[in-house]
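Notebook open. I wanted to look up helix packing and charged pairs here.

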Amino acid sequence: MNTAIVIRICVITLALLVIALIWSYVKEAGDGMKLVFVILMGLAGGLLAVKFFIPWLGDLMGEAVFSSGEKVEQDHMTKAAARIAQGDYPGAIEHYEKMLEEKPDDPFPVAEIAKIHAERLRDPQAALKVLEEHLQSKEWPVDDAAFIMFRIADVHLTHRHDFEAARDMLEQIIGNFPNTRHSANAHHRISELEQMQFKLLMEQRSKAGTAGAEKA
């Protein structure tokens with residue numbers, strides 16, 4: 001049994017025993033004392049209900065309504081994180097794939113599998129394959145489709161340093177989802193991409209100029 005529940009039960013039991021003990025002394029007293037006792041017990045009972053009973057009832061209702069799917073998802077995420085910490089990247093991918101089997105409409109495990117391929121296994125091409133296959137596998141909701149497409153652009157830019165491929169994917173987002181926050185974000189990312197390209201070009205020219213001066 002949960003430790004918190006045991007503590008709550010013990011506190012409530014102890015409170016009931018104290019109330020019974022006090023009542024054994026008060027029941028022979030006058031009506032005024034009994035009224036004071038009832039008022040004090042009402043206040044104490046209200047405090048106990050707010051502190052222990054209502055949260056306990058809320059926990060039970062929350063577990064009954066939500067815990068099933070969330071525990072499964074959290075279980076796979078925890079196990080995947082543990083596998084990553086151990087360096088078992090294929091094992092982590094297996095757990096995310098199981099999560100995807102149980103929640104096929106969730107793009108999160110897709111992105112995490114691609115992330116492992118790109119960052120841990122140093123295989124951005126495999127990451128792109130995972131993302132592109134899932135993107136084309138069905139008609140995703142707008143937010144989920146844009147999420148996957150942004151991940152594709154990230155892999156092209158961060159891991160393959162392919163500015164043109166990243167820009168092409170961002171332009172697809174703009175074309176597919178006009179007048180949305182995804183389109184605005186894609187425009188912003190293109191602006192950042194252009195700044196990165198310009199900075200890289202200036203660095204290359206600077207290095208070329210330095211090399212030319214040294215040769216001269």
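The model is predicted, local features need pLDDT of at least 70, side-chain atom pairs count only at pLDDT 80 or more, and totals for chains, interfaces and linings use all residues. Residues are numbered from 1 along each chain as its sequence is written, and side-chain values use heavy atoms, without hydrogens and water.

I then took the geometry of α4 (residues 107-120) and α5 (residues 124-137): an angle of about 165°, axes 7 Å apart. Helices here are DSSP runs (H or I, at least four residues), numbered from the N terminus. Axes are lines fitted to C-alpha atoms over the stretch in contact, and angles run from 0 to 180 degrees between N-to-C directions. The two helices are therefore roughly antiparallel (over 145 degrees). Contact (heavy atoms within 4.5 Å) involves, among others, Val110 and His117 of α4 and Leu131 and His134 of α5.

Next I searched for salt bridges (a side-chain nitrogen of Lys or Arg within 4 Å of a carboxyl oxygen of Asp or Glu). The whole structure has 10. I noted aspartate 143 with arginine 181, closest N and O atoms 3.5 Å apart. Aspartate 143 is in α6 and arginine 181 in α8, so this pair ties together parts 38 residues apart in sequence.

Within α6, I found arginine 151 and aspartate 154 three residues apart. Their salt bridge spans 3.0 Å, N to O. Arg151, Asp154, Arg189 and Glu192 form a salt-bridge network.

How values were computed: Angles under 35 degrees count as roughly parallel, over 145 as roughly antiparallel, 65 to 115 as roughly perpendicular and the rest as oblique.
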